[in-house]
Amino acid sequence: MALALASQGLYSTMPNPRVGCVIVNDGQVVGRGWHQRAGHAHAEVHALQEAGPAARGATAYVTLEPCGHHGRTPPCADALVAAGVRRVVTASADASQSIGALRLREAGIAVEAMPCPTARALNRGFFSRIERQRPWVRVLRPAALAIGAMGEGAMLSHCDEQAPLEHWRGRASALLTTCDWVKACDPSLLAQVPAQRVEPVTPLRVVVDQRLDCPASAKVLDGLAPTLVLHTAQAMRDGRYARARCQVIEEVDAQRVLQALYALDCNEVQVEAQPAWCEVLARQGLVDEWLVQV
């Protein structure tokens, strides 16, 4: 149940993780909550609000270790302590929030870890950013890319009726393409996910455009979504890029592009580009997931 709640934030919580919480007292569910958007209340707080006094002596099941620091919202660990929760069960650990479990234990609350691969998979981009200091890279395999060029080790996902392209785009923090692909295919890179209870976060469109050479008519420059253009210092910006943010990077290569997106707190990056660029990513061991259209 907590995982189902967490998944409701699939398109809206970035850069925060997707988290769900269920509070159970005497065998009865008394509170449910999920994190909806960065800067808003976390899952535990929503669940505690629904549970009210019934949270005292209860067990909280949370898909991610409760936070213990004061960021844009107060620590969830403190809220659980104040509510009198007796036990907290977590489905995935958060290396950036280990102080949360420590606070709970110091307050006499039993903390039990029950690792769940599904909970971790739901936040694979968040964990990649926190643990590896780079986004999770998912590449939409171009039809012309040879199977042998995909390398080894990356997971394989399918783009189909159950999980269409818009779903994969919508869960990404950034949609990455190149000037060459823009010239060849003119992608819009707009994520149009089905209506949600919470307004989805619009993924950042990113164009690797070394010489600022995209056509003026390019859909990615239409201003319909936030757009970042990465280029070298020698390139000259003109009116074509009026509705995009341009950023200089020292050298336009895959590693530096991902470093720039990590600095912007991107969790998942979906690449939709020409075979040569995808092959470069694979050769450098930067592809975490291949997305294959079936």
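This is a predicted model: local features need pLDDT of at least 70, side-chain atom pairs count only at pLDDT 80 or more; totals for chains, interfaces and linings use all residues.
Two strands pair if DSSP finds at least two bridges between them.

**Entry 1: strands 4 and 5**

I began with valine 89, which stands opposite glutamate 112 in strand 5. Strand 4 and strand 5 (residues 110–113) are joined by 4 bridges, and their pairing is parallel.

Next I looked at the other neighbour of strand 4. Strand 3 (residues 59–62) runs parallel to strand 4 (residues 87–90), with 4 bridges between them. Here threonine 59 has arginine 87 of strand 4 as its bridge partner. I then followed the chain from strand 3 to strand 4: it passes through helix 3 (residues 76–83), and this β-α-β crossover is right-handed.

In what order do the strands of the open sheet of 5 strands stand? I read off 2-1-3-4-5, and the pairing is mixed. Strand 2 (28–34) and strand 5 are the edge strands, each pairing on one side only. Ignoring direction, I find neighbouring strands of this sheet turned by 15 degrees against each other on average.

I also wanted an antiparallel pair for my notes. Strand 1 (residues 20–25) pairs with strand 3 in that sense, over 4 bridges. Within strand 1 and strand 3, I marked valine 22, which stands opposite tyrosine 61.

Helix 2 (residues 43–51) lies across strand 1, strand 2 and strand 3. Its direction is at about 140 degrees to strand 2.

**Entry 2: helix 3 against helix 4**

A reminder to myself: two packed helices are described by the angle between their axes and the distance between the axes. For helix 3 and helix 4 (residues 98–106), the axes come within 9 Å and cross at roughly 20 degrees. Helix 3 is therefore roughly parallel to helix 4, since angles under 35 degrees count as roughly parallel. The crossing of helix 3 past helix 4 is right-handed.

Which residues make the contact? On helix 3 I listed Ala77, Asp78, Leu80 and Val81, and on helix 4 Gly100, Arg103 and Leu104.

Strand 6 (residues 136–140) and strand 12 (residues 268–271) run parallel and are joined by 4 bridges. Tryptophan 136 stands opposite glutamate 268 in strand 12.

**Entry 3: two backbone details**

Is the peptide bond from methionine 14 to proline 15 cis or trans? I noted cis, with omega near 5 degrees. Proline 15 sits in the loop between helix 1 (2–7) and strand 1.

I located leucine 212 in the loop between strand 9 and strand 10 (227–231).

How values were computed: Residues are numbered from 1 along each chain as its sequence is written. Side-chain values use heavy atoms; hydrogens and water are left out. Helices (H or I, at least four residues) and strands (E, at least two) are DSSP runs, numbered from the N terminus. A crossover is right-handed if, with the strands pointing away from the viewer, the path from the first strand over the helix to the second runs clockwise. Axes are lines fitted to C-alpha atoms, for helices over the stretch in contact, and angles run from 0 to 180 degrees between N-to-C directions. Angles under 35 degrees count as roughly parallel, over 145 as roughly antiparallel, 65 to 115 as roughly perpendicular and the rest as oblique. A crossing is left-handed if the near helix is turned anticlockwise from the far one by less than a right angle, and right-handed if clockwise. Contact means heavy atoms within 4.5 Å.
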